[in-house]
Amino acid sequence: MKPGLKRERRFSMVKKLGIVARLFSAEPGLVDKNVKMMLKLIEAFALVKKTHSEIAVLDIVIPTNPDFVDVDCGKTEQALWDAVGEVDWIRISTTQCGLFCGLLNETMTKQRDEGCTHSLVVSSGCADYVTDANIANLVAAAEAGALVTGLALNELHDSIMAGRIPNTFAVWRLEELFGVGGFDLRMENALRAKPTKLTGVEEMIPQLKLVRQHGKCLMPIEPVSAAVWNAPTDAAGAQRHKDKMGSKLVRQEYAVNLEGGTLDEIRAGVMNN
């Protein structure tokens, strides 16, 4: 289906919602800060889970393959286990896959195979956005037919409201996501052998494919109350974040161009336009 055609009516219960959080510490000195940030996210979801029984699992996944640019130093997993302990709905694991695409494909496939209908991909710095009202609105959007729905975070508000929903806080309907091939490995994290490759924005290609196949299916959501996405504050992390934000539009355009698409096609797929 080409964008611009009438919206299909799709209704899908969020029977089981899996959560995916990616975490890595580039150097040992960052482990403590990153673990504390993840604990804050866990605490927020633990509160929300009391009123959202559809939340089934929180997968915290740490990339450890040294071939990729973004990889853990090797200390985060044990530190996280020490801080979290055994919690029946939380899984801590490592992966040899890349941070952007392979990790998500691997983890969300596992959640789908375990019966999850939807997955929420969330950044560890987004704990302030994890509220009962925000999760309720995302679930409602998914059940109203959105195949991708996400919160319009402060730093990316305008681009998100234009349909470019990032995997910083995004819910995906898994059947349709994997129906278009999941996250395209062409946007995988760069290899150390080729560190200048354009990467990230892994959400763009599947969103474009979903719009082409299903018409209007993207629903960005305004957060219920003001919150802050806590970006990295260490020198290397802050520079990485600055570079990511500064190049995001270029990378988004590059990603959709790989499929012969444009950002206007994405905008045309927004349900609440």
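User: In this predicted model, which residues of strand 4 are buried on one side and which on the other?

Analyst: Strand 4 of the predicted model is covered on both faces. Five of its five residues are buried. One side carries H118, L120 and V122, and the other carries S119 and V121.

User: Which strands pair with strand 4, and in what sense, parallel or antiparallel?

Analyst: Strand 4 and strand 1 are joined over five bridges in the parallel sense, and within this pair L120 is the bridge partner of I19. Strand 4 is also joined to strand 6 by five bridges, with V122 opposite F169.

User: What is the strand order of the open sheet, and which strands stand at its edges?

Analyst: The open sheet has seven strands with mixed pairing, in the order 3-2-1-4-6-5-7. Strand 3 and strand 7 each have a single partner strand, so one side of each lacks a neighbour in the sheet. The twist from one strand to the next averages 20°. The edge strands are strand 3 and strand 7.

User: How many bridges join strand 2 and strand 3?

Analyst: Strand 2 and strand 3 pair in the parallel sense. Within the pairing, I60 stands opposite I92 of strand 3. The number of bridges is six.

User: What angle does helix 1 make with strand 2?

Analyst: Helix 1 spans residues 31-49 and reaches 26 Å from its first C-alpha to its last, close to the 27 Å expected. Helix 1 packs on the sheet, where it touches strand 1, strand 2, strand 3 and strand 4. Its direction and that of strand 2 make an angle of about 170°.

User: Which residues of helix 1 are buried?

Analyst: The cover over the buried residues of helix 1 includes strands 1, 2, 3 and 4 as well as helix 2 and helix 4. An α-helix has 3.6 residues a turn, so residues three or four places apart point the same way. The buried residues of helix 1 are V31, N34, V35, M38, L41, I42, A44, F45 and V48.

User: Which element gives the most to the largest nonpolar core?

Analyst: The largest nonpolar core has 79 residues, and F45, I60, M108, L120, V122, F169 and W172 touch the most other members. The element that gives the most to this core, with eight residues, is helix 1.

User: Which residues does M108 contact beyond four places in sequence?

Analyst: M108 is among the core residues that touch the most other members. Setting aside its neighbours within four places in sequence, M108 is in contact with V20, S119, V121, W172, L174, L177, F178 and F183.

User: Why does N167 count as buried?

Analyst: N167 is found in the loop between helix 5 and strand 6. Apart from residues up to four places away in sequence, N167 touches R22, L104, V121, V122, W172, F183, E202 and E203. Buried means under 20% relative accessible area. N167 counts as buried because its relative accessibility is 5%.

User: At what angle to strand 6 does helix 7 run?

Analyst: Helix 7 comprises residues 204-214. Helix 7 lies across strand 5, strand 6 and strand 7. Its angle to strand 6 is about 45°.

User: How many disulfides does a search of the whole structure find?

Analyst: C116 is buried at a relative accessible area of 5%, and C126 is buried at 0%. A disulfide requires a pair of cysteine sulfur atoms within 2.5 Å. The number of disulfides found in the whole structure is zero.

Technical notes
Residues are numbered from 1 along each chain as its sequence is written. This is a predicted model: local features need pLDDT of at least 70, side-chain atom pairs count only at pLDDT 80 or more; totals for chains, interfaces and linings use all residues. Side-chain values use heavy atoms; hydrogens and water are left out. Helices (H or I, at least four residues) and strands (E, at least two) are DSSP runs, numbered from the N terminus. The expected span of a helix is 1.5 Å times one less than its number of residues. Buried means under 20% relative accessible area, exposed over 50%, partly exposed in between (1.4 Å probe, protein chains only). Contact means heavy atoms within 4.5 Å. Two strands pair if DSSP finds at least two bridges between them. Axes are lines fitted to C-alpha atoms, for helices over the stretch in contact, and angles run from 0 to 180 degrees between N-to-C directions. A nonpolar core is a set of buried Ala, Val, Leu, Ile, Met, Phe, Trp, Tyr and Cys residues joined through side-chain atoms within 4.5 Å.
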